[in-house]
Amino acid sequence: MDFEFTPEQSQFREELRDFLRAEVPLEKQEVFGLLTEEQYQFGREINRKLAARNWLAVGWPEEHGGGGKGPIEQGILAEDLGYWRVPKSGSIGLGIVGPAIMVFGAQDQKERFLRPIAKGEVEYCQGFSEPNVGSDLASLELRAERDGDEYVLNGSKMFTSYAYHADYMYLLARTDPQAQKHRGISLFIADMKTPGISLRPLPYINGEMAAQTFFDNVRLPISCLIGEENRGWYHAMTTLDYERSGLGRYASVRRVFDDFAEFCQGPSPDGGRPLAGHPLVQRQLAQRRLGMETWKLLCWNVAWMQSSGAVPNAEASVAFLYGSEERLRFAEMAMEVLGPYATLRHGSPAAPLLGNIEGIHREAMHLHGAGTNEIHRNIIAQRGLGMPR
Ligand SMILES: Cc1cc2nc3c(=O)[nH]c(=O)nc-3n(C[C@H](O)[C@H](O)[C@H](O)COP(=O)(O)OP(=O)(O)OC[C@H]3O[C@@H](n4cnc5c(N)ncnc54)[C@H](O)[C@@H]3O)c2cc1C
């Protein structure tokens, strides 16, 4: 593993940081546990500005509107956007849908779908989980029946993050109910404006408004099928492994950790001596610093594997699982150190660090998104250590 960036990569990082310093003032940065419409729109605007420099999809081939670089540059971008707390948008298109279309999409689908993602013009949501299906995703029930040149979809999707902003949903549906469960699933892209798609609001603990998405006789043209019919499970699982460095997630937490460490060196919230004067606080901060550095290396290991042409699998689960638990350890430590002040939300004049401590604690409590921690442990044991299923 080479820990150094090339001179070109370092230069890219410097130019990116100049851009972020100029374009992302503190008052526009996302606060954990709070994503306002204004912040979301600001995030989209930043994405479009990045895209105008060919930086948004910096790791994609130029023919698809990308920057022609690779996973390391994409990792640099993710890490810095996370650290600057740029409100997230477009991540499903860039991280999951784009790579899937590049590998499994037909030529006309590449031409139709890729450039708008790379240019930050569209938002995608992901329709995998259902009311009765989460970890055991291959049991999904949303039905897509072939009818001439169309598929007719009926059923519902659960926990659809970004549903209210999305132009398209990237979804899995059952096309052959007679086949073995993994073999009867297909992958589609659905325009969210298609008649028959409706949303029911579903608020998350992290402040985001997601949805349950209903499909009532939704007719999709066959050109919306990505890859082969009934091979969707394998297509989707392969491409989920592509963009998994988790650097953005790490860096957004790291920023709060760094801010918190600095905060502890100033006067304590009740005007007393700095919290950092307590040996116990110092010890706790040192311990979490260790955790943050470990998390960072695990994420960069995934990006480095991608840049060497390997498809990370158990390694991505190691980074993801470690990160979820480190985020929670940090949030709990900050709660303990700050006492009741840590429970004050953004907007309260006495909330430390703009309410980020309260928000990160709330967000850190969910250990379900993108696969639960138990499922990541299963992946590490079975695919990483070769143990039986
Ligand atoms: C914030 C957030 C955002 C999300 N965004 C999306 C999204 O955009 N699109 C989407 O499709 N889904 C999304 N999800 C859904 C997410 O993928 C599911 O919550 C997750 O897959 C778990 O499914 P479940 O909630 O049905 O829990 P279950 O699968 O019912 O699990 C319940 C419990 O049982 C445990 N468990 C289940 N199976 C096993 C096993 N084999 N071994 C050990 N333990 C097991 C789990 O770890 C968990 O603790 C999101 C979830 C959250 C929390």
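**From a loop to the ligand site**

Author: N230 is placed in the loop between β8 (225–226) and α6 (232–240); helices (H or I, at least four residues) and strands (E, at least two) are DSSP runs, numbered from the N terminus. The model is predicted, so local features need pLDDT of at least 70 and side-chain atom pairs count only at pLDDT 80 or more, while totals for chains, interfaces and linings use all residues. Residues are numbered from 1 along each chain as its sequence is written, and side-chain values use heavy atoms, with hydrogens and water left out.

N230 has a phi near 70°, a positive value in a residue other than glycine. With 18% relative accessibility, N230 counts as buried (buried is under 20% relative accessible area, exposed over 50%, partly exposed in between, with a 1.4 Å probe and protein chains only). N54 also has a positive phi, near 60°, and lies in the loop between α2 (37–52) and α3 (71–83). At 35% relative accessibility, N54 counts as partly exposed.

Now the ligand site. The ligand is surrounded by 15 residues, of which S129, S135, S161, T372 and E374 are the closest; a residue is near a molecule if one of its heavy atoms lies within 4 Å of it. By class, four of the shell residues are nonpolar, 10 are polar and one is charged. Here Ala, Val, Leu, Ile, Met, Phe, Trp, Tyr, Cys and Pro count as nonpolar, Asp, Glu, Lys and Arg as charged, and the others, Gly among them, as polar. Helix α11 (residues 373–384) supplies the largest share of the shell, three residues.

Polar contacts are pairs of N or O atoms within 3.5 Å; within protein, one must be able to donate a hydrogen and the other to accept it, and residues adjacent in sequence count only if both atoms are side-chain atoms. A side-chain N or O atom of S135 is 2.6 Å from an oxygen atom of the ligand. S161 brings a polar side-chain atom to 2.8 Å from a ligand nitrogen, and F159 has a backbone N or O atom 3.2 Å from a nitrogen atom of the ligand. Taken alone, the ligand exposes 970 Å², and the protein buries 66% of that; these areas come from the Shrake-Rupley method with a 1.4 Å probe, and for residues only the protein chains shown count as cover.

Elsewhere, N47 in helix α2 counts as buried at 6% relative accessibility, and its side chain reaches the backbone oxygen of S89 at 3.0 Å.

For charged pairs, a salt bridge is a side-chain nitrogen of Lys or Arg within 4 Å of a carboxyl oxygen of Asp or Glu. By this rule there are 21 salt bridges. One of them joins R13 and E79, with the closest N and O atoms 2.7 Å apart. This pair links distant parts of the chain, R13 in helix α1 (residues 7–23) and E79 in helix α3, 66 residues apart. R13 and E79 are both buried. R13 also meets D80 in a salt bridge, 3.3 Å from N to O; D80 is in helix α3 and R13 in helix α1, 67 residues apart.

R255 and D259 form another salt bridge at 3.0 Å, N to O. Because they are four residues apart in helix α7 (residues 247–263), about one helical turn separates them. Salt bridges that share partners join R13, R17, E79 and D80 into one network.
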